[in-house]
Amino acid sequence: MRIGIVGAGRIGGNAGKLFAGAGHEVFFSGSREPDRLEQLAVVTFARSGSPREAVEFGEVVFFSVPWPAVDELLAQTGSLAGKIVIDTTNQFVTGEPEGGVEQLPKTVAETNQERMPGARLVRTFNTLAADSLPEAAARGAAMFLTGEDAAAKEAVAGLMRDVGFTPVDLGGWAEEPIMDVGGAVSGLEYSGEDGLRIAAALSRGGPNEAARLARELRARPASTARRPGPPASPPGVAPPAPRQAEPARLHRSRACAPRPLCVTVTHTSPAGDWEQRAISRTAEAAEGIRAPLSGDSSRLTG
Ligand SMILES: NC(=O)c1ccc[n+]([C@@H]2O[C@H](COP(=O)([O-])OP(=O)(O)OC[C@H]3O[C@@H](n4cnc5c(N)ncnc54)[C@H](OP(=O)(O)O)[C@@H]3O)[C@@H](O)[C@H]2O)c1
């Protein structure tokens, strides 16, 4: 599938790498640093350009910019009518996760649907920390989604399965606030199985029942619900120094037929190592990614 990313930051960059690694065609846009877009595109054998080009390219648009920049980026994309749009935005106005949250007269989903008339909006990729996406996908973690367009949700669920997530459809805009900042499943990783149990509780007993189960799963001693990021240091104790980023290691393999060549990149970052497969159409193009990868890999992790 062709996926146009608008906002190639922590979420958009990491998700784009996952989609490209699963063999989808990706187009990165929306960074104010063209070098960053180009680097992402080189590593993933993707393309880069303007937000408008990303929308023209994508059968699916992955819209992932900070809340205060949403209108500015929508002015650059042009109309999203008819497009399947994955909306990852959370309404933080002064930085996250500790920043202030805009008080809206409507839900986030309804607010964004109004700003993107005709878009086939699916709210998702907004409950997990960006750095945890690769590992969470590899674990088959729950990826919650909501939307009013069933076919759009099914297309997005397919993309999630392709990268390893367990899609968990919570319903439509009436159910969506459970995923928003402060909602029962916001900011925590649940196993696929637990996610599906939460969805069943929501459908059976409504938001209170779902929130009760989410709390229960969170409190379980051997909880599969994970809090993203390292635990905070106690007051007065300096946090441990982040692990020095090491150069990325590049391995080449001809084993991933039917594509002619497959490249596996090991990213090393303070958040941990993770591997990404990029697919090249030619050996020459794969050779070309050696140079950017020999530097500091932390720039590649979004
Ligand atoms: N980070 C998370 O863990 C997380 C989790 C769930 C949901 N979300 C939500 O997902 C969305 C994206 O988050 P993120 O963490 O990926 O953000 P981010 O790392 O800051 O990336 C934002 C992207 O938008 C671009 N952008 C374009 N115009 C901008 C402007 N005027 N101001 C700021 N950025 C601009 C940035 O470009 P540059 O490269 O030029 O900065 C960057 O590519 C947000 O709405 C956030 O609330 C984030």
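Which exposed residues does the face of α7 turned away from its buried side carry? That face of α7 carries Ala150, Ala151 and Gly158. The model is a predicted one. The protein has ten helices and eleven strands, and 44% of its 302 residues are buried. Among contacts with a separation of 6 or more, 65% are between residues 24 or more positions apart.

**Ligand shell**

- The ligand is surrounded by 26 residues, and the closest are Gly9, Ser31, Arg32, Ala69 and Asn90.
- Two helices, α1 (10-21) and α4 (70-77), each contribute at least two residues to the shell around the ligand.
- Helix α1 gives the largest share of that shell, three residues.
- Sorted by class, the shell holds ten nonpolar, ten polar and six charged residues.

**Helix α7**

- Helix α7 covers residues 150-163, and its 14 residues should span 20 Å at 1.5 Å a residue; the end C-alpha atoms are 20 Å apart, which agrees with that expectation.
- The buried residues of α7 are Ala152, Lys153, Val156, Leu159, Met160 and Val163.
- An α-helix has 3.6 residues a turn, so residues three or four places apart point the same way.
- Just after α7, Gly164 has a positive phi of about 115°.

**Helix α8**

- Helix α8 runs over residues 192-219; a straight helix of 28 residues would span 40 Å at 1.5 Å a residue, but the end C-alpha atoms of α8 span only 17 Å.
- At Gly205, α8 bends by about 140°, and the proline Pro207 follows within four residues.
- Buried positions in α8 are Asp194, Gly195, Ile198, Ala199, Ala201, Leu202, Ala210, Leu213 and Ala214.
- The packing partners of the buried residues of α8 are β7 (142-147) and β8 (166-171).

**Helix α5**

- In α5, which covers residues 108-115, the buried residues are Val108, Ala109, Asn112 and Gln113.
- Viewed down the axis of α5, the buried residues fall within an arc of 130°, so they line one face of the helix.
- Those buried residues of α5 pack against β5 (84-87), β6 and β7.

- Most residues other than glycine have a negative phi.
- Phe45 is not a glycine, yet its phi is positive, at about 55°.
- Phe45 is located in the loop between α2 (34-44) and β3 (47-48).
- Is Phe45 buried or exposed? Phe45 is buried, because 22 other C-beta atoms lie within 10 Å, and the cut-off for a buried residue is 20 or more.
- Phe125, also a residue other than glycine, has a positive phi near 55°.
- Phe125 is located in the loop between β6 (120-124) and α6 (133-138).
- Phe125 counts as buried because it has 26 C-beta neighbours inside 10 Å.

Conventions: Residues numbered from 1 in each chain as written. Predicted model: local features only at pLDDT ≥ 70, side-chain atom pairs only at ≥ 80, totals over all residues. Near = placed C-beta within 6 Å. Nonpolar A, V, L, I, M, F, W, Y, C, P; charged D, E, K, R; others polar. Buried ≥ 20, exposed ≤ 12 C-beta atoms within 10 Å, placed from the backbone. Expected span 1.5 Å × (residues − 1). Bend = angle between axes of the 7 residues up to and from the residue. Contact = placed C-beta atoms within 7 Å. Arc of directions from axis to C-beta.
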